[in-house]
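Work through the exercises below with the model open beside you, and try each task before you read its solution.

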2 protein chains.
Amino acid sequence: MSNFWIYESHTPGYEVRWRITNILHQETTPYQKLAVVETTEWGKALILDGALQISERDEFIYHEMIAHVPMLSHPQPNRVLIIGGGDGGTLREVARHPELQSVDMVEIDERVIEASKRFFPQVASSFTDKRLNLYIADGIEFARGNHGPYDVIIVDSSDPVGPAEPLFTVDFYRDLYNLMDEDGMVVVQSESPLFFADYFKNVYSNLKSVFQLVQVYTATIPTYVSGPWSFTVGSKKHRADGIAEGRSIPGPMKYYNSSIHKAAFALPEYIRQMLE
Amino acid sequence: MSNFWIYESHTPGYEVRWRITNILHQETTPYQKLAVVETTEWGKALILDGALQISERDEFIYHEMIAHVPMLSHPQPNRVLIIGGGDGGTLREVARHPELQSVDMVEIDERVIEASKRFFPQVASSFTDKRLNLYIADGIEFARGNHGPYDVIIVDSSDPVGPAEPLFTVDFYRDLYNLMDEDGMVVVQSESPLFFADYFKNVYSNLKSVFQLVQVYTATIPTYVSGPWSFTVGSKKHRADGIAEGRSIPGPMKYYNSSIHKAAFALPEYIRQMLE
């Protein structure tokens, strides 16, 4: 057994380490340090600035939950915007919906896309989709431009340090609001309520100051260490906590089902109280 | 900041480490190695054979969920049996129910109780409850004896290695079945479906071979690393996935609420498929 490890530091008092058998790729992009490693536990994993982004074995959880909850609670998600999500996993799940007519995706770091295409072809499987318009650009600036309107927007960012930091602000959410139709819905990956408590609460209150309806749901993603992982929805009209009438699940899933969709919105008391 | 750490090895490729500021207590009991440490992340923690059992900061999740789900889905949980649970946290939650008339608790290792009383008084707070009969004994042998009948049995064991191993067998579940009334219900902590996949599946099929109705629920417990943590219910008559008519939640909770009770039974596809 190899004695190489990747350490991931979560708080000053909490680290995990995963055994790796190989470092397949390393580079410094204009935005961050990027690495691809082979782990014994989770298969291949993409690492940005020292933090595991996706692993082959459990990426389905995050991607199914960030994509299908908004895509299935909106009655007609024809036009979609993905901000971030360079690995392509969210795009892959969005593209499964036959209702999708066009999807704009805005990723700031082209190297993430290239690395994913090369090392995670089963994640980056939809970059050839004809409905896709791919922009290599800053999501913040894109959101200020004249785009859309969109039915669903997905903010699939990395942690709120480095390039992703402005993606958690009220100005940005207001710009997204203006890019959407009168029944639009945005979902934001909003971090661990335990390890990023302030961000989690800020995303909620920032979205509340812009959107008519704000709802939080969680999923348990093994490689996103801490316990629960949160997603926060800002919606102009539609509730997000169930499948919209007339919509149906586009094929077999590995995490998502209709019961999980509803159940994900039930928050433990200690998380619910963080939002009061 | 101290540079002392406790390492917890979960699989050959996955370890966590938590920073500790002090080792408060260490002993070798007749059954296991016991330690109490002060962590920077989770407060004081009880460690048995190298595995974190409870931390001050998140013990409420496990204890509320193992206790209140069966206690509130049973219409009249008057007589309760707890097997294991030496720290007293499950007892503390069970004792909150005014319907409780008597609770037998069977812990094999008296030293765990003593350590909990000394270092975790807010967890071990119900050992003076007048409804309690405490047995320092082997749960397996106790279950073969002439006890009960019970309405609810809670198997609050440590991991299925060492002293807890026989607590996951069909013979043991059959003995528990015979200790219960015709509407009895048992809940078993059934480990991480990811890290203890075989045990998780065995508990389910073993309970299925004995009980009329078997249901699985999960909770996300930060210090029980891996993602979801599972509990499996074997029931003679009552469903476990909701609060029984006429019952009400005995006071403020930190994790449990009626929505979480129901939602905990919604299983992700990959877990549901493990049980087919």
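The exercises that follow go from the pairing of the chains to single residues.

The model is predicted, so local features are given only at pLDDT of at least 70 and side-chain atom pairs only at pLDDT 80 or more, while totals for chains, interfaces and linings use all residues. Residues are numbered from 1 along each chain as its sequence is written, and chains are lettered from A and ligands numbered from 1 in the order in which they are written.

**Exercise 1. The two chains**

Task: Describe the side of chain B that touches chain A, and state which rotation superposes chain B on chain A.

Solution: Begin with the contacts, where two residues are in contact if their C-beta atoms, placed from the backbone, lie within 7 Å. By this rule 32 residues of chain B are in contact with 32 residues of chain A. Next, ask which elements supply them, taking helices (H or I, at least four residues) and strands (E, at least two) as DSSP runs numbered from the N terminus. Those that give two or more residues to this side of chain B are β2 (14-28), α7 (258-263) and α8 (269-274) of chain B, and the largest share, six residues, comes from β2(B). Then sort the residues of this side by class, which gives 17 nonpolar, nine polar and six charged; here Ala, Val, Leu, Ile, Met, Phe, Trp, Tyr, Cys and Pro count as nonpolar, Asp, Glu, Lys and Arg as charged, and the others, Gly among them, as polar.

Strand pairing comes next, and two strands pair if DSSP finds at least two bridges between them. Strand β2 (residues 14-28) of chain A pairs with β2(B) in the antiparallel sense over five bridges, and A:V16 stands opposite B:V16.

Finally, superpose the copies by least squares on the C-alpha atoms of residues with pLDDT of at least 70 in both. A rotation of 180° with 0.0 Å of shift along its axis brings chain B onto chain A, with an RMSD of 0.0 Å, and that is the relation of a two-fold axis. The same surface serves both copies, since 100% of the contact residues of chain B recur in chain A.

**Exercise 2. A strand and its neighbours**

Task: Which strands pair with β10(A), and in what sense?

Solution: Start with strand β10 (residues 180-189) of chain A itself, in which seven of the ten residues are buried; buried means that 20 or more other C-beta atoms lie within 10 Å of a residue's own, exposed that 12 or fewer do, and partly exposed in between, with C-beta atoms placed from the backbone. Strand β9 (residues 150-156) of chain A runs parallel to β10(A) and is joined to it by five bridges, with A:Y150 and A:M180 as bridge partners. Strand β12 (residues 228-235) of chain A pairs with β10(A) in the antiparallel sense, also over five bridges, and A:V188 stands opposite A:T232.

**Exercise 3. Single residues**

Solution: B:L72 is found in helix α1 (residues 59-73) of chain B, and B:L72 is buried because 22 other C-beta atoms lie within 10 Å. Not counting residues up to four places away in sequence, B:L72 touches B:I243, B:A244, B:R247, B:I249 and B:H261.

For the backbone, recall that most residues other than glycine have a negative phi, and most peptide bonds are trans. A:D49, in the loop between β4 and β5 of chain A, has a positive phi of about 45° although it is not a glycine.
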